[in-house]
Amino acid sequence: MTQDIVMLLFSLAFILLSCILFTNSVEWFGKKLNLSQGVVGSILAAVGTALPETIIPIIAILFYGGREASQIATGAILGAPFMLSTLGFLITGAAIIIYSLFGKRTLKMNANKKVFQRDLTYFILVYAIAIFASVFNQVNEIRISAVILVLLAYAFYVKRTFSDEQQLDENIGTLYFSKFLGVKTNLLWITSQLILSLLGIIFGAHLFVGYVKDLSHMMGISPLILSIVITPIATELPEKLNSIVWVGQKKDTLALGNITGAMVFQSSIPVTIGILFTPWNITGIAFLSAMLALTSAILNLMWINIRKSVNPFVLMFGGVLYGIFLITVLH
């Protein structure tokens, strides 16, 4: 069992490293294509950090199959939006409060309200469609219709982000291949790092699915619960650390957009995979995680619509919702 835990942690670390490489290369790829910094940060970088949760269900479905693989896939798909809208908001809000206590910034957030409203609105819309599809998962017409609606909604979201005049400030670090191999930062090496990191994510996801199945058997825990709790916390870690750094630099729009942009993607592309290739039977703990994610998003959207501002204490309420989930699971 100890060996399985070590290998599970190794697979997560491998996914994490590959995800960091991918995000770095995809940012440079966007720069070479002359895309705006905002698009690179909220679309391309969000896709990069979302890749593990997207690849894991695909690997589970294609290479493992069966009920347990479907549970792992569903857990990975639902776990990411849940963690982002609860722990992600909690960490960001807490970081703002801690920075303010040390005099590094004020409690007042300077986030672009329109960006936050847009992202939360799209998330609530597409995630509600996905949950609705699970209620009628035996009706193929409803499942296909839900997939089409979700994909169309995400396409409109991307279009609006590209046309948004308010650009997000994003600092792109040195390409890792250039930093460690001493090569030129050109399209060839950017693409090479991109492909290598993608292969690393696929390999790490393949290991992860196998060890989650083994551990769930040994511990007598549902693969669904294990996948919802472990997968998103580990694979979304870079995104959370970035947000903490950015709020310290008073780049609140970028910090929040980094989270909410990923929420929109996670509730769109991976969800369509779940609807099409798993039983998509969201009940019990899975349904609770989805409802808590929606609750957190709705609460923050209501606050910003009424008070016309983003509040770190309201963001931190996501931690209460995550606590409700853990208490329910451990009960």
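These legends describe close-up views of a predicted model.

**View 1. A salt bridge joins Arg105 and Asp252.** The search of the whole structure finds two salt bridges, and this is one of them. The closest N and O atoms of Arg105 and Asp252 are 2.7 Å apart. The pair links distant parts of the chain. Arg105 sits in the loop between α3 (66-101) and α4 (113-135). Asp252 belongs to helix α10, residues 252-266.

**View 2. Arg118 and Asp119 meet in a salt bridge.** Here the N to O distance is 3.1 Å. Asp119 has 1% relative accessibility, so it counts as buried. Arg118 has 7% relative accessibility, so it counts as buried too. The cut-off for buried is under 20%.

**View 3. The largest nonpolar core has 60 residues.** Those with the most contacts inside this core are Phe116, Phe123, Tyr127, Met263, Trp280 and Val310. Helix α4 gives the most to the core, with 11 residues.

**View 4. Tyr127 touches residues from other stretches of the sequence.** Leaving out residues up to four places away in sequence, Tyr127 touches Leu78, Pro81, Ser267, Val271, Ala290, Ala293 and Leu294. Tyr127 is also among the residues with the most contacts inside the largest nonpolar core.

How values were computed. Residues are numbered from 1 along each chain as its sequence is written. This is a predicted model: local features need pLDDT of at least 70, side-chain atom pairs count only at pLDDT 80 or more; totals for chains, interfaces and linings use all residues. Side-chain values use heavy atoms; hydrogens and water are left out. A salt bridge is a side-chain nitrogen of Lys or Arg within 4 Å of a carboxyl oxygen of Asp or Glu. Helices (H or I, at least four residues) and strands (E, at least two) are DSSP runs, numbered from the N terminus. Buried means under 20% relative accessible area, exposed over 50%, partly exposed in between (1.4 Å probe, protein chains only). A nonpolar core is a set of buried Ala, Val, Leu, Ile, Met, Phe, Trp, Tyr and Cys residues joined through side-chain atoms within 4.5 Å. Contact means heavy atoms within 4.5 Å.
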